[in-house]
Amino acid sequence: MRMGTKRCVVLVLTGMLGMSVAACGAEGDDGKESGEGGTGLTSALSGVPASAGEQTLTYRDVDAGRRLVAADKALYAGLGDFGIWELSGRRTTAATAKKSYGFTAKDVDTSLMVGAGQAQRLTGTFDVEAARRALEKDGYRSSDKDGGVRLSKQGQATFDVSGSVRITKWLDSGPVLPLERPEHSVADDAAYKSVSACLGDDVYEASLYGKRPGYRKQGVTLAGIGGRAHGSASTEKLCVLSTSKDTAGKIAKKLRARTATGERYAGSTVNVGDGDTPMVSMTWKNSTKSGLRPTDQDRTNDLLKNVLWTWR
């Protein structure tokens with residue numbers, strides 16, 4: 001059972017983008033979110049080992065996402081599976097998810113996918129015995145694991161489940177994600193701190209594209225895109241931590257070309273921060289047009305592949 005009260009997302013529709021949104025999470029008596037450490041991008045990143053820092057990390061605030069999808073399915077359709085692998089690309093209802101996996105989307109507070117579908121970390125409130133019963137019926141074997149249970153089956157994904165965390169790992173590939181928070185996480189990394197702060201800890205979805213050597217050669221230490229919905233505004237923001245003032249200027253020039261009249265991001269703003277390795281950011285308003293929907297892959301291809309990595 002969840003402890004404390006529940007802060008709810010409030011949606012007041014006054015048109016496609018006319019809504020009031022507030023994040024939702026469980027609170028304890030001290031006013032802080034209880035359970036595994038609360039919701040929020042930084043909290044989710046603190047569950048990922050620093051060794052996974054080169055991986056793409058895809059975050060969802062599932063509570064907020066469920067309400068946004070219910071309010072405007074056309075705009076937020078990309079959030080439909082809430083970043084939960086067990087629901088992705090499947091015709092899964094709450095009843096069938098409970099039967100097959102022992103949990104539903106309503107049990108999940110946040111989702112973080114690591115890599116190209118290699119591993120997943122969910123936080124929320126989970127019934128460990130329900131997970132055990134559901135997967136043992138499918139031939140899984142259970143064993144104790146770090147205060148929870150490990151469920152494994154030859155040739156299939158492995159699941160580690162505790163009362164507040166659920167880990168999915170596919171075969172032998174991908175990073176190892178612990179049930180407990182690691183001593184050193186990506187949230188401790190200066191680049192991740194900077195990009196997360198730029199995006200805003202209250203984003204309901206975000207993708208951070210990893211600290212890869214190949215990106216650094218293009219003048220980028222770390223890049224991320226995240227979505228926010230406050231009041232009547234539904235926006236996404238690109239944040240790029242550059243390696244120098246010179247590269248920041250070149251990246252900003254490329255981005256500004258995409259904001260000109262007639263371009264996809266016409267009217268959007270591009271800003272360059274201070275310091276020797278400035279943050280370059282661009283914010284745009286969401287709409288149902290291609291490339292302007294939250295989590296739309298078109299905008300990822302457009303901004304990252306065609307702009308950030310090809311300016312030289």
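A residue counts as partly exposed when its relative accessible area lies between the 20% under which residues are buried and the 50% over which they are exposed. By that rule D138, with a relative accessible area of 42%, is partly exposed. The structure discussed here is a predicted model.

- Twelve strands form an open sheet with antiparallel pairing, in the order β6-β7-β8-β9-β5-β4-β3-β10-β11-β12-β14-β13.
- The edges are β6 (141-145) and β13 (269-272); each has a single partner strand, so one side of each has no neighbour in the sheet.
- From one strand to the next, the twist averages 15 degrees.
- Across from S281 in β14 stands N271.

**Helices packed on the sheet**

- Helix α5, residues 128-136, packs on the sheet and touches β6, β7 (148-152), β8 (158-161) and β9 (165-169).
- The direction of α5 makes about 15 degrees with that of β7.
- Helix α6, residues 190-199, also packs on the sheet, where it touches β3 (57-61), β10, β11, β12 and β14.
- Between the directions of α6 and β11 the angle is about 30 degrees.

**Helix α9**

- Helix α9 has twelve residues (297-308), so at 1.5 Å a residue it should span 16 Å; the C-alpha atoms at its ends are 15 Å apart, which agrees.
- At the start of α9, the backbone nitrogen of D298 has a side-chain oxygen of D296 within 2.9 Å.
- The buried residues in α9 are R299, T300, D302, L303, L304, V307 and L308.
- The cover over these buried residues includes the strands β10 (205-208), β11 (220-230), β12 (233-242) and β14 (279-285), together with helix α8 (245-257).

**Salt bridges**

- Side chains of opposite charge can pair when their charged atoms come close.
- The whole structure holds 15 salt bridges.
- One of them joins the side chains of R132 and E129, with 3.1 Å from N to O.
- R132 and E129 are three residues apart in helix α5, which means that about one helical turn separates them.
- An α-helix has 3.6 residues a turn, so residues three or four places apart point the same way.
- R132 has 18% relative accessibility and therefore counts as buried, while E129, at 36%, counts as partly exposed.
- K153 and D138 form another salt bridge, and their closest N and O atoms are 3.8 Å apart.
- This pair links distant parts of the chain, 15 residues apart: K153 sits in the loop between β7 and β8, and D138 in the loop between α5 and β6.
- K153 counts as partly exposed because its relative accessibility is 29%.
- D160 and R150 form a salt bridge in which the closest N and O atoms are 2.8 Å apart.
- D160 is buried, at 5% relative accessibility, whereas R150 is partly exposed, with a relative accessible area of 30%.
- A network of salt bridges links R258, E263, R264 and D302, and D302 is one of the buried residues of α9.

Terms used. Residues numbered from 1 in each chain as written. Predicted model: local features only at pLDDT ≥ 70, side-chain atom pairs only at ≥ 80, totals over all residues. Heavy atoms only, no water. Helix = DSSP H or I, 4+ residues; strand = E, 2+ residues; numbered from the N terminus. Expected span 1.5 Å × (residues − 1). Buried < 20%, exposed > 50% of the residue type's maximum accessible area, 1.4 Å probe, protein only. Contact = heavy atoms within 4.5 Å. Polar contact = N/O pair within 3.5 Å; in protein donor to acceptor, adjacent residues only side chain to side chain. Pairing = 2+ DSSP bridges. Axes fitted to C-alpha atoms, helices over the stretch in contact; angles between N-to-C directions. Salt bridge = Lys/Arg side-chain N within 4 Å of Asp/Glu carboxyl O.
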